[in-house]
Amino acid sequence: MNYLVGAFKPPCNIFISFADGRSRKQVPLKKENGKTVMVALFQSQESIVGEVVIEPVHRKKVEHNGVKIELLGQIELYFDRGNFYDFTSLVRELDIPGELYERKTYPFEFSTVEMPYESYNGVNVRLRYILKVTISRNYVGNIVEYQEFVVRNYTPPPSINNIIKMEVGIEDCLHIEFEYSKSKYHLKDVIIGKIYFLLVRIKLKNMDLEIRCRESTGSGPNTYVETETLAKFELMDGAPVRGESIPIRLFLSPYELTPTYQNINNKFSVKYYLNLVLVDEEDRRYFKQQEITMYRLLETS
């Protein structure tokens with residue numbers, strides 16, 4: 001029985017490591033099995049340098065048709081699970097066909113890699129970057145090992161950041177005006193604004209401000225839209241009076257937000273909205289939604 005078990009184990013172990021692995025920042029990454037692991041963080045235009053160690057088990061001979069490492073950027077849509085769309089694909093040949101008897105180390109380098117999109121784990125889509133080592137073999141299956149890493153890209157503060165000013169009303173019943181200090185926010189920003197009640201003839205009992213995330217994937221008949229409420233902030237509890245103004249101050253840092261993603265590789269988009277919700281005493285709900293732009297600012301710490 002033990003011989004059978006051993007027959008299905010790969011004849012060698014593969015280890016992939018980054019040259020600056022000890023000093024490079026690590027970030028949490030949620031795996032498909034639900035577990036979270038810490039992986040290396042990169043940004044576009046960085047070089048990815050490291051080494052691959054191949055160690056035959058029990059020093060047994062491993063015949064192969066060559067060893068290669070690939071750097072892949074992939075998008076997987078969950079309605080088409082298992083099919084990966086490669087938007088970045090680089091390869092380095094590490095070894096020519098031959099035999100391995102003992103532990104061997106192969107350095108690798110991918111210089112100034114263009115990684116235009118950020119790593120993303122969504123409701124219906126996943127974007128990932130991996131290093132993939134393949135030992136090609138005849139007659140028996142190839143031996144493959146993966147190492148995932150995360151990419152985040154940073155944006156300078158926008159030169160133009162207009163305020164948002166809107167009115168919402170129900171004829172002869174309700175007229176309010178709301179104002180947010182800007183329309184573009186970084187992930188650790190604060191939403192500051194004000195709401196003015198110009199006319200109140202219906203009995204309102206409360207008012208909330210929500211942050212909503214809308215992820216759309218696919219196209220045509222295979223378009224899927226998921227809207228998630230990430231935060232709910234009570235602005236008012238009780239009935240307002242005419243002329244009253246209510247301040248808004250909502251800190252974004254406690255919430256798991258990403259930048260706005262616009263049509264990534266023609267596969268998916270992620271947009272954010274501020275949603276103002278008014279509820280009257282008969283539990284009727286009134287909404288006013290406004291899109292905002294999120295961006296990732298380089299953290300100084």
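This is a predicted model: local features need pLDDT of at least 70, side-chain atom pairs count only at pLDDT 80 or more; totals for chains, interfaces and linings use all residues.
Local features required pLDDT of at least 70, side-chain atom pairs counted only at pLDDT 80 or more, and totals for chains, interfaces and linings used all residues. Residues are numbered from 1 along each chain as its sequence is written, and side-chain values use heavy atoms, with hydrogens and water left out.

The largest pocket holds about 1100 Å³ of space. A pocket is an open set of points on a 1 Å grid over the protein atoms alone, where a 1.4 Å probe fits, with protein on both sides within 12 Å along at least five of seven lines. The volume is the space filled by probe spheres set on the points, which are joined across faces, edges and corners. The lining comprises 42 residues, each with an atom within 4 Å of a point. Asn121, Arg152, Glu256, Leu257 and Thr258 lie nearest the pocket centre. Elements giving two or more lining residues include β2 (26-30), β11 (125-135) and β17 (204-217); strands are DSSP runs (E, at least two residues) numbered from the N terminus. Domain 1 (12-151) and domain 2 (164-295) each supply at least three lining residues. Their bounds come from an automatic or database assignment.

Two non-glycine residues have positive phi. Asn265, at about 55°, lies in the loop between β20 (261-264) and β21 (268-280). Asp283, near 65°, is found in the loop between β21 and β22 (285-295). Asn265 is partly exposed because its relative accessibility is 26%. Asp283 is also partly exposed, at 49%. Partly exposed lies between buried (under 20% relative accessible area) and exposed (over 50%), with a 1.4 Å probe and protein chains only.

Definitions and conventions:
Helices (H or I, at least four residues) and strands (E, at least two) are DSSP runs, numbered from the N terminus.
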